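Open the structure in your viewer and keep the selection tool at hand.

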Amino acid sequence: MKELLAIEWLKIKRYRTFWILAGLFLLLMPLWNIEVANGMLKFGGNAKGGLNFLSTAYSFPEVWGNLGFWGSIFIMFLSILVIILTTNEYAYRTNRQNIIDGMKRIEFFHAKVALVLLLSVLATVYLFVLGLAFGGVNSGSLSGLFSQFQQVGYFFLLSLDYLGFALFLALWIRRSGLAIGLFLLYSMIIENIARGLLNSMMDKPFGNFLPLQASDELLPFPLMQMAKTMMGSGTGINMTTYATITVAWCAVYYFAGRMLLLRNDW
Amino acid sequence: MSSILSIQHISKSYGPIQALKDVSFDVPEGCVFGILGPNGSGKTTMLGIVLDVLLADVGNYSWYGGMEHSTARKQIGALLETPNFYHYLSAFDNLEINAAIKQRGHDDRDQVLKQVGLYERKDSKFQTFSLGMKQRLAIGAALLGNPKILVLDEPTNGLDPAGIAEIRELIRQLNKQGITIIIASHMLDEIEKVCTHVAILKKGTLLLHGPVDEVLLSEDQVEVRADNTAQLQQALEAMPGIKKIKLNDNTLQLTCDATVTTAQVNAYCTGMGITLSHLLLRKKSLETKFMELTNQ
């Protein structure tokens, strides 16, 4: 695994697109959250007045769920990065060259899986660092730091879900433009339509179990969560179920991707 | 000579098109093995399969008498179809990736870049290279880590005449050092000038294979002339091993068995009291042979 990651590192360390997309993720995520904490989203009033509903969302322990929710949007940068890094191999035919030079097909696949795992870990560590900073500043103390700490774990699952889905799509479609287009369409539009249809047709909200939605459910929009709890309109599906389904989807991406690579011509 | 690559009953189709039909042959160690065939005859498919880039429908192959395939590939330098490199990396950085995967040749990078004449451009990005330079880099990558086998698919693609001659010379040199070279090409004179063995493919079928001498000599012609053509013809018609005699002006063209040599013809005629004024072994050019075979 270490050797495979070392080879992946050689491929990306001088790749400008990688640094730009990763840099945007690292830069925009805190900037965005600073603006939200400062009251970018609020009801009524002007720049100085009004009610900032999310002002408490940056204290412990709410900060984890709140950062996690916004993180589920910023993870798009890394998903697109995974698609680009993978489809590049097809565009340059370096997937073939890697094999010709002596990689096994399964090693080529595992190198990409390892990259997805590593990016998910790094994104989660970054979320943790941001959470400490926001929570520390807004709470003034570290009390309550761990009371909803499982949400950091949820963010790891969510990252794995998004990046794994992106990897599978890239291995399947092989062309960068089309894969990115489909990824964005699916995550922002198609899945929402399918979810709505499924949920209205079935007596249980099975639409929430769709590939990316399952992990989105782990980190809902903070206000929505509050409202649902207050009105008692929860779906009755607990987080363990969503976490299990997310892991199951990751397994599906893994085995489907593996099958694609082992069975097809390159 | 033991065989370094053994191919057994390989078939492969792309949908309705059968690219390879039950192809089997062995590549002996230390030879220069040419795979010949017109466009679309299955040369690249064949090489793609033995390099594990393509999957055969039926059949199998073994390197070094059965070495694990990926281990074998690490010791093979190969160029398949196109030069495949990361466009945004320099020549030098690209070779680092090749060497990292092969787990050998990391320190050869300067040397192979000099060998293929790209040393001055080693820090230029691959995407700034011309077609010929890309091809040179691919050959350079194949040379990393002193491979014992080189697999070259159309190695002279995109090269200028000087480049083609350089590659031919390089192949000769490497073969002298004991490296086995498998080369696919539709450029017949390339193959003819360097190969010791050939396999000829047509529409996925292996027409023939073997040492160049054997494959080609069997159909060679001997030209003879003497003062008395009629007497000569009469004498030679009685000679064993002569299959056909054709009179062309006052020269006789003999089609002989593979065992008949020019020395035997000369000795025979002398024995019959005829002095030859002209004796020539006319090797059928590979091109003529190739055209005959593939047009059948």
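## Stop one: a buried threonine

Select Thr87(A), which is buried, because its relative accessible area is 1%. Keep in mind on this tour that you are looking at a predicted model. Thr87(A) belongs to helix α3 of chain A.

Which residues does Thr87(A) touch, once its neighbours within four places in sequence are left aside? Show Ala170(A), Arg174(A), Arg175(A), Ser176(A) and Ala179(A): these are in contact with Thr87(A). Thr87(A) and Gly177(A) are 90 residues apart in sequence, yet 9.0 Å apart in space, C-alpha to C-alpha.

Arg174(A) sits in the loop between α6 (150-173) and α7 (176-201) of chain A. Most residues other than glycine have a negative phi, and most peptide bonds are trans. Arg174(A) is not a glycine, but its phi is positive, about 70°. Is Arg174(A) buried, exposed or partly exposed? With a relative accessibility of 27%, Arg174(A) counts as partly exposed.

Jump to chain B and select Glu154(B), in the loop between β6 (149-153) and α6 (161-176) of that chain. Glu154(B) also has a positive phi, of about 50°, although it is not a glycine. Glu154(B) counts as buried, because its relative accessibility is 10% and the cut-off for buried is under 20%.

Return to chain A and select Phe60(A) and Pro61(A). The peptide bond from Phe60(A) to Pro61(A) is cis, with omega near 0°. You will find Pro61(A) in the loop between α2 (16-37) and α3 (62-91) of chain A.

## Stop three: two helices side by side

Colour α2(A) and then α5(A), the helix of residues 105-139 in chain A. Two packed helices are described by the angle between their axes and the distance between the axes. For α2(A) and α5(A), the angle is about 30° and the axes are 12 Å apart. Angles under 35 degrees count as roughly parallel, so α2(A) and α5(A) are roughly parallel to each other. The crossing of α2(A) past α5(A) is right-handed.

Show side chains to see who meets whom. From α2(A) come Phe25(A), Leu26(A), Met29(A), Pro30(A), Asn33(A) and Ile34(A). They meet Ala123(A), Tyr126(A), Leu127(A), Leu130(A) and Phe134(A) in α5(A).

## Stop four: rings

How many aromatic pairs does a search of the whole structure find? Over all chains, there are 32. Select one of them, Trp249(A) with Tyr253(A): this pair is stacked, with 6.5 Å centre to centre and 20° between the planes. Why are these two about one helical turn apart? Trp249(A) and Tyr253(A) are four residues apart in helix α10 (residues 239-263) of chain A, and therefore about one helical turn separates them. Trp249(A) counts as partly exposed, at 26% relative accessibility, whereas Tyr253(A), at 8%, counts as buried.

Next, select Trp32(A), Phe69(A), Trp70(A), Phe74(A), Phe77(A) and Phe221(A) together. Ring pairs link these residues into a cluster.

Finish in chain B at Phe92(B). Arg109(B) lies over the face of Phe92(B), 4.1 Å from the ring centre. Lys122(B) lies over the face of Phe92(B) as well, at 4.2 Å from the ring centre.

Notes:
Residues numbered from 1 in each chain as written. Chains lettered and ligands numbered in written order. Predicted model: local features only at pLDDT ≥ 70, side-chain atom pairs only at ≥ 80, totals over all residues. Heavy atoms only, no water. Phe/Tyr/Trp six-rings, centres within 6.5 Å; stacked < 30°, edge-to-face > 60°. Buried < 20%, exposed > 50% of the residue type's maximum accessible area, 1.4 Å probe, protein only. Lys NZ or Arg CZ within 6 Å of the ring centre and 35° of its normal. Axes fitted to C-alpha atoms, helices over the stretch in contact; angles between N-to-C directions. Parallel < 35°, antiparallel > 145°, perpendicular 65-115°, else oblique. Left-handed = near helix turned anticlockwise from the far one by under 90°. Contact = heavy atoms within 4.5 Å.
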